[in-house]
Amino acid sequence: MRSALMVLGMHRSGTSALTRVLSLHGPALPADLMAGRADNPRGFFESRGMVALDDAMLAALGSGWDDARPFAPDAAAVLAGFVPECVALLRAQVPEGAAFILKDPRACRLLPAWLPALAAVGARPFAVLAVRNPLEVAASLAARDGMAKRDALRLWLAHVVAAEHDTRGLDRVVVHYDDLLRDWRGVVARVGLRLRGEASAATEGFLAGALRHHGRTTDALLRDAAVPAVVKRAYAELRRAPGEEGLDPAIFEAAAGSIFLRG
């Protein structure tokens, strides 16, 4: 089966940069790419149709991209009803028979619709869990959307918990934004792609410049009393994972049931 790289990460976590780097070394991008904007002038590298469909799924669930509240108990049935539309979009927007890459942060919480659709088009999912320090994510969302820090942290946790849960049993890797900027070649190799020599200059050029904003260290996160412990534990586990095998599901199960996420 052909591979489908699913870049799964919270908004403002470097998913656009990661998707572009990976696409330069093999997998095709969807045909209907969203144009860049002032907050991301280099481009989002995500399908306009996929974003619109994901927004429709969230609306059907009584939610939205910036709503971290848990879905209703009938969410699985609602999402199952969208699988044919996901299949149709994949057949229209990704090349037949070739490996491809998909990315939309909303998909972190919508995998029960996308995974069956990938199977229907003969694609084997490979999950790339994209991670960035939640304090950086919160600062970026505050600057772009005026989002409160606590709301941004809850949204970050909802995305990583859902993505971790729904990719268990799949081939997957965790990629931290810092690691992409420091050693993109190592990231490409860990995802299982062969480095394309002719693409190296393009990759270096793309990553050069103002891609790093709102820098925060792990120590700053751990010292910040305003960051709930459940967020710190989830981030620490995700930060550990690129250097060691596997993720501890108990940490994410605890996060899913936490008062902070469900309150």
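Glu-164 is buried, with a relative accessibility of 1%; here buried means under 20% relative accessible area, exposed over 50%, and partly exposed in between (1.4 Å probe, protein chains only). Before going further, please note that this is a predicted model, in which local features need pLDDT of at least 70 and side-chain atom pairs count only at pLDDT 80 or more, while totals for chains, interfaces and linings use all residues. Residues are numbered from 1 along each chain as its sequence is written, and side-chain values use heavy atoms, with hydrogens and water left out.

Let us stay with Glu-164 for a moment. Its partner in a salt bridge is Arg-168, and the closest N and O atoms of the two are 2.8 Å apart. A salt bridge is a side-chain nitrogen of Lys or Arg within 4 Å of a carboxyl oxygen of Asp or Glu. Side chains of opposite charge can pair when their charged atoms come close. Arg-168 is partly exposed, at 31% relative accessible area.

Helices (H or I, at least four residues) and strands (E, at least two) are DSSP runs, numbered from the N terminus. Leu-157, Val-161, Glu-164 and His-165 in helix 7 meet Pro-249, Phe-252, Glu-253, Ala-255 and Ala-256 in helix 13, where contact means heavy atoms within 4.5 Å. By class, this contact of helix 7 with helix 13 has 6 nonpolar, 1 polar and 2 charged residues. For these classes, Ala, Val, Leu, Ile, Met, Phe, Trp, Tyr, Cys and Pro count as nonpolar, Asp, Glu, Lys and Arg as charged, and the others, Gly among them, as polar.

How do such helices lie against each other? Two packed helices are described by the angle between their axes and the distance between the axes. The axes of helix 7 and helix 13 (residues 249-256) come within 10 Å and cross at roughly 130°. Axes are lines fitted to C-alpha atoms, for helices over the stretch in contact, and angles run from 0 to 180 degrees between N-to-C directions. The angle makes helix 7 oblique to helix 13: angles under 35 degrees count as roughly parallel, over 145 as roughly antiparallel, 65 to 115 as roughly perpendicular and the rest as oblique. The crossing of helix 7 and helix 13 is left-handed; that is the term if the near helix is turned anticlockwise from the far one by less than a right angle, with right-handed used if clockwise.

The axes of helix 4 (residues 83-93) and helix 5 cross at roughly 50° and come within 8 Å. Helix 4 and helix 5 are therefore oblique to each other, and helix 4 passes helix 5 in a right-handed crossing. Among the residues making the contact are Cys-86, Leu-90 and Arg-91 of helix 4 and Trp-114 and Leu-118 of helix 5. The residues of this contact of helix 4 with helix 5 divide into 12 nonpolar, no polar and 1 charged.

Now back to charged pairs, of which a search of the whole structure finds 16 salt bridges. In one of them, the side chains of Asp-55 and Arg-106 meet at 2.8 Å, N to O. Asp-55 lies in helix 2 (residues 48-60) and Arg-106 in the loop between strand 2 (100-103) and helix 5 (111-120), so the pair ties together parts that are 51 residues apart in sequence. Asp-55 is partly exposed, at 32%, whereas Arg-106 counts as buried, at 14%.

Another salt bridge joins Asp-224 and Lys-149, with their closest N and O atoms 2.5 Å apart. This pair links distant parts of the chain, 75 residues apart: Asp-224 is in the loop between helix 11 (218-223) and helix 12 (229-240), and Lys-149 is in helix 7 (residues 149-166). Asp-224 counts as buried, at 18%, and Lys-149 as partly exposed, at 34%.

Finally, visit the loop between helix 1 (15-23) and helix 2, the place of Glu-46. Glu-46 is buried, with a relative accessible area of 4%. Leaving aside neighbours within four places in sequence, Glu-46 is in contact with residues including Asp-32, Met-34, Lys-103 and Arg-106. Phe-45 lies in the loop between helix 1 and helix 2 and has a positive phi of about 55° although it is not a glycine.
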